[in-house]
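I opened the model to look up a few things about its helices and its pocket. My entries are below.

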Amino acid sequence: MTTKQPATTRRRSVHQGHAGHGHSKAQCIKVLRRLSAYLDKDLSVAVCKEIRKHLGACPNCEVFIGSLRQAIALCRHVEPPPLTPALKARLRIEILKAAGRS
């Protein structure tokens, strides 16, 4: 029989998970922000080494990056749908907005 934990207990458990790994949640967020560049091999050797060290010590981030790698591998085997001119224009606007150029 399982018992449902109150939300405050669950939040504390997640936070303790980071602390239990010997690092803060902020370190996980810092790594997650660099994951795209890390996977594209666009980071310096020193930064890649720092990320690999974190992944080795953080099971949560290790699982996340493993899942992300699998998703990327699966997407490489799928033919992208053709884009309509309207969709291309909308994507361009969204990319420029995200880059702060609009």
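The entries cover a helix pair, a single helix and a pocket.

I worked from a predicted model, where local features need pLDDT of at least 70, side-chain atom pairs count only at pLDDT 80 or more, and totals for chains, interfaces and linings use all residues. Residues are numbered from 1 along each chain as its sequence is written, and side-chain values use heavy atoms, with hydrogens and water left out.

**Helix pair.** I looked up α3 (residues 45-57) and α4 (residues 59-76), whose axes come within 5 Å and cross at roughly 110°. Helices here are DSSP runs of H or I, at least four residues, numbered from the N terminus. Axes are lines fitted to C-alpha atoms over the stretch in contact, with angles from 0 to 180 degrees between N-to-C directions. α3 and α4 are therefore roughly perpendicular (65 to 115 degrees). In contact (heavy atoms within 4.5 Å) are His 54, Leu 55, Gly 56 and Ala 57 of α3 with Pro 59, Cys 61, Glu 62 and Ile 65 of α4.

**Helix α5.** Just after α5, Gly 100 has a positive phi of about 75°.

**Contributions to the lining.** I found that α3 gives the largest share of the lining of the largest pocket, four residues.

Technical notes. Helix = DSSP H or I, 4+ residues; strand = E, 2+ residues; numbered from the N terminus. Parallel < 35°, antiparallel > 145°, perpendicular 65-115°, else oblique.
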